[in-house]
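The sequence and coordinates are shown first.

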Amino acid sequence: MPPERRRRVRQDRKTQARPDGRAGARWGGPPRKAAPSCQRKSLAWPRAAAAAISVASEEEKRLRLRNRLTLEEDKPAVERCLEELVFGDVEDDEDALLRRLRGPRVQVQEDSDDSEVEKEAKDNFPPQKKPVWLDEEDEDEEMVDMMNNRFRKDMMKNANENQLSKDELQKRLKEEFQHAMGGVPAWAEANKWKTPSDDESEEDEDDLLQRTGNFISTSTSLPKGILKMKNCQHANAERPTTARISSVQFHPRAQVVMVAGLDNAVSLFQVDGKTNPKIQSIYLEKFPIFKACFSANGEEVLATSTHSKVLYVYDMLAGKLIPVHQVRGLKEKIVRSFEVSPDGSFLLINGVAGYFHLLSMKTKELIGSMKINGRIAASTFSSDSKKVYASSGDGEVYVWDVNSRKCLNRFVDEGSLYGLSIATSRNGQYVACGSNCGVVNIYNQDSCLQETNPKPIKAIMNLVTGVTSLTFNPTTEILAIASESMKDAVRLVHLPSFTVFSNFPVVKKKNISLIHTMDFSPRSGYFALGNEKGKALMYR
């Protein structure tokens, strides 16, 4: 290029305007003054920020599309087609996808009476979605077979109902439940308004849940046949003896058992079924105990001897032993057999020559005496302590009134030649009489008071020797019978079926021996036996 032309081009470049417009003149126009520096900065920053945001947005969209395409390359064609049908095309805008999933908003005409709170709740209620597709098999009702299920056969109203739909079967089940419950239960009622009684029941439930215990009750009646029981540690294991056990009795209010025998001692043990720790032993010098018994309230222990007329009274609260040497008006030389009334008011002492004497339990003074023909074999109070049943040596039973001390009735024990024992049930229903031939006749108490020749309800003939011990349990579900003349001669009779439990005693063990006394605990949880070997056997 010639030098002249080169200089001319350079000069034209100097005079032309710059592309950014900061200085110089336009192409082919007059030159323009440059803007101030502060104005140039304020205009440059917004434009630069907007440009950066648009570039970042475009870059993000490009990366997101690339990631989608990368993920879709691994998907099968069927899955991609299904996603396009459900969610739309992949390249669609996300806002359009959200609007499609949200669905059209249903406009509901508001009631003019609605409150502002109700209107606001209706506005906030989510719109109802439409199903994307419908399955034809869902509309078909599934049928349930009724013939091949033994529990559903009873629900068939006729022979043609071999199959029922699920809805119809549900209705039948509801009908069966309501029929069994006697109507719709209160908890199943949907619209049940609370009443004050409901609040009280809830409070009762709260009180119930605030304590522990066994809330599941057992059956109201004891089943017959086999009695569930197990051996426990001997009641007197911590004080063994070889002398005969003459008395064993459970405390009426505490978990304590008393064991007394011919070793001149009365011992108290705590009942736990495992070790039965000893609480106390009372030794009576030269006083082989014939019988020992708790008072009705459990505060005293009474004891008599085999060859003495002294009656020992042990006050358990004060810890004092009080001997009663002589009862004014009582001319008996030996005091042996006695009974305590259930209400704790009277003490009945069996004498000789058919006499038995009624004493006050509080003062130990004689109230009156009664006499029967022959020798008195055994006696007992009725459950209400208003009558006395006495069995004589000639097989007769006498019924006496305690208040008037008059004989109310007299009858012959059927088949008995010699009476040995007698007992009454706690509920006032039965009277059991044991004879020397091993037969136990069970009578109804009403028939014993009204009839001169009552017939026994049942005659128990499972023993072959004289029945010397009879005891009803507190719930009148078991009658224990025993004989001291033969080993293992003890049976438990179920009431009211009057059948003997087949699993007691266990014949193979032969550990019961000769039984002289027995008793049930106040709640019939334990059963104790005293034998001639000095062991107080206990079962649970």
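Predicted model: local features only at pLDDT ≥ 70, side-chain atom pairs only at ≥ 80, totals over all residues.

## Sheet β3 to β6

Four strands form an open sheet in the order β3-β4-β5-β6, and their pairing is antiparallel. The edges are held by β3 (245-250) and β6 (278-283), each of which pairs on one side only. Averaged over the sheet and with direction ignored, neighbouring strands are turned by 15° against each other.

Between β3 and β4 (residues 256-261) there are 5 bridges in the antiparallel sense. I245 has G261 in β4 as its bridge partner.

## Sheet β23 to β26

A second open sheet, also of 4 strands, has the order β23-β24-β25-β26 with antiparallel pairing. At its edges stand β23 (469-472) and β26 (499-500); each has a single partner strand, so one side of each is left without a neighbour in the sheet.

Strands β24 (residues 478-482) and β25 (residues 490-494) run antiparallel and are joined by 5 bridges. One of the residues involved is I478, whose bridge partner in β25 is H494.

## Cysteines

How many disulfides does a search of the whole structure find? The search returns 0. C448 is in no disulfide, and its nearest cysteine sulfur, that of C433, is 6.6 Å away. The cut-off for a disulfide is a sulfur pair within 2.5 Å.

C448 is buried, with a relative accessible area of 0%. C437 is partly exposed, and its relative accessible area is 36%.

Notes: Residues numbered from 1 in each chain as written. Heavy atoms only, no water. Pairing = 2+ DSSP bridges. Helix = DSSP H or I, 4+ residues; strand = E, 2+ residues; numbered from the N terminus. Axes fitted to C-alpha atoms, helices over the stretch in contact; angles between N-to-C directions. Buried < 20%, exposed > 50% of the residue type's maximum accessible area, 1.4 Å probe, protein only.
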